Structure formats: C-alpha cells, structure tokens
Amino acid sequence: MKIKFLVYRYNSLKKDKLRYDSFNVRYSKGMTVLDVILFIYKNLDSTLAFRYECRQGICGTCGIMLNSHPVLSCSTQINPDIKVQKIEPLANFPVEKDLIVSLKPVLKRYLQIKPYLTKIQKKLITKNTADLSKPFRKCIECGCCIAGSPEILKKSAKYLDPMSLVKIARYITDPRDGLKRNSVLIKSKIKGYSQEIGKELSKICPREIPIDKAIQLLKS
Ligand code: SF4
Ligand code: FES
C-alpha cells in the first residue's frame with residue numbers, strides 16, 4: 001500500500017514560490033516520518049533539505065509538522081489510515097529551506113533567560129529537590145511546543161515561549177542555581193498562559209514534560 005505525502009518546498013535564498021511536492025511512498029509497519037523523508041531523499045528527490053541526528057528522540061533536531069501537528073520525525077510512526085499526508089517545517093519558525101527552519105530568533109530570546117546553571121551555590125541535592133526539577137530536565141529543545149503555541153502567544157513578542165518557561169522552571173527548582181530568575185519573569189511575560197494552554201502544550205511535548213506544571217510553578 002502506498003501513501004501520498006505532500007512535502008513543503010521553499011528556498012529562502014532563491015526566494016522561491018512555496019510549493020508542495022507530491023511523493024508516493026510504500027508503507028511498511030512501524031515506519032516513522034523520518035523513514036519517509038529519508039526514502040524520498042534517497043530514492044525520489046535528493047534536493048530535499050531536512051535535519052536529523054540521533055534517530056532516538058534525544059537530540060531534538062528533527063522536529064517537523066505532520067498533518068499540522070508538531071512532532072519529532074524520528075519517533076513518530078505513520079498512521080496508514082491517512083492516505084494523503086502533509087509534511088511541513090515547524091510552524092512559528094522562519095523557513096530556511098524545505099523542512100529546515102532558522103533557530104536564530106528563538107535562540108536569541110532563549111539566551112536572554114540564561115538557560116544554564118549560573119552563580120553556582122554549594123548546595124546539597126537531595127532526592128526531593130532532584131525530583132522537583134526532574135521533569136523539566138528532560139527538555140531536548142526541539143521547539144515542538146513553540147510550533148504548537150496558540151495564536152495568543154504567537155502574536156506577541158512580549159511573551160516567553162514555552163521552551164524558555166520549561167528551562168526557567170528547571171533552574172528555579174535547582175538549589176545550586178544562584179541567579180535571581182524571578183527578575184526575568186515579570187508577570188506580563190507569562191500572562192497569556194492559562195492552565196488550558198499549558199495542558200495543550202504538555203500534550204504536544206514529545207518528552208511528556210508537564211508544561212502546565214512549569215506555568216503553575218512560575219505563576220506562583
Ligand atoms: S518542552 Fe518539550 S516540546 Fe518544548 S522544547 Fe522542550 S522537549 Fe521540546
Ligand atoms: S533525530 Fe534526534 S530527536 Fe529525532
């Protein structure tokens with residue numbers, strides 16, 4: 001059985017017109033989106049641009065939109081019941097070429113929140129404190145939550161994106177971090193995040209990070 005894939009094509013350098021190329025790919029059980037992309041690249045069109053590294057859901061480089069949902073292509077299996085499927089680059093990121101997006105705007109914002117341990121305190125890590133930060137330590141910076149952010153967050157540059165919220169939650173729950181992170185968390189930067197939005201974002205996250213809990217934590 002073959003499935004038709006409509007793949008987003010665009011080259012920002014040539015300022016091409018956006019188009020969707022159609023590829024028919026034979027389905028095999030357990031096939032992932034990355035398997036489809038690699039098949040197209042190796043057998044049908046070697047000009048297709050895309051990113052991947054680990055193929056294990058760890059490096060966070062292979063995020064794409066599958067049928068309008070942000071997913072990691074390496075760890076998302078194809079649903080054979082959908083006969084025509086769309087593969088696009090992550091939403092809310094500028095596209096460089098085909099499925100490759102530019103991370104520059106996001107990284108610029110991200111670095112402002114200092115996403116690393118700083119002003120390190122000599123503090124003992126107990127099991128309780130380690131458990132608090134554990135879910136937020138699982139973030140692989142894939143950007144899927146940013147791609148799945150609702151309109152209210154997309155429209156305003158003043159909101160922190162969900163990936164940044166998770167990272168701040170990770171460090172404010174780590175007693176070794178001595179930076180006064182509340183200073184970057186002025187209320188207006190998280191005002192647009194309701195618990196409902198948090199729950200939706202948590203469902204999108206391929207690492208099952210409770211983004212709603214990060215929001216709750218930061219709001220409190
Ligand atoms: S919170 Fe989840 S979806 Fe967002 S960047 Fe981290 S791993 Fe990806
Ligand atoms: S290739 Fe590394 S997460 Fe998919």
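The protein chain has 220 residues, and a compact globule of that length would have a radius of gyration near 17 Å; the value here is 19 Å, which agrees. The model is predicted. Eight helices and seven strands make up the secondary structure of the protein chain.

**Overall dimensions and packing**
- The C-alpha trace spans about 55 × 35 × 30 Å along its principal axes.
- Of the 220 residues in the protein chain, 45% are buried.
- Take the contacts in the protein chain with a separation of 6 or more: 64% of them join residues 24 or more positions apart.

**Surface and charge**
- The protein chain carries 42 positive and 19 negative side chains.
- The centres of these two sets lie 5 Å apart.

**Helix 7**
- Helix 7 covers residues 195-204. Its buried residues are I197, G198, L201 and S202.
- The exposed residues E196 and K203 are on the face of helix 7 turned away from its buried side.

**L90, in a loop**
- L90 is located in the loop between strand 5 (84-88) and strand 6 (95-97).
- The relative accessibility of L90 is 4%; the cut-off for buried is under 20%, so L90 counts as buried.
- M65 is 25 residues from L90 in sequence, yet their C-alpha atoms are 5.4 Å apart in space.
- Not counting residues up to four places away in sequence, L90 touches G63, I64, M65, P70, V101, C142, G143 and A147.

**E96, in a strand**
- E96 is part of strand 6.
- E96 has a relative accessible area of 34%; this falls between the cut-offs of 20% and 50%, so E96 is partly exposed.
- K15 is 81 residues away from E96 in sequence, while the C-alpha to C-alpha distance is 9.9 Å.
- With neighbours within four places in sequence left aside, E96 is in contact with Y10, N11, S12, R51, V101 and S102.

Methods: Residues numbered from 1 in each chain as written. Chains lettered and ligands numbered in written order. Predicted model: local features only at pLDDT ≥ 70, side-chain atom pairs only at ≥ 80, totals over all residues. Heavy atoms only, no water. Helix = DSSP H or I, 4+ residues; strand = E, 2+ residues; numbered from the N terminus. Rg over C-alpha atoms; globule rule 2.2 N^0.38 Å. Buried < 20%, exposed > 50% of the residue type's maximum accessible area, 1.4 Å probe, protein only. Contact = heavy atoms within 4.5 Å. Lys, Arg positive; Asp, Glu negative; His and termini not counted. Charge placed at Lys NZ, Arg CZ, Asp CG, Glu CD.
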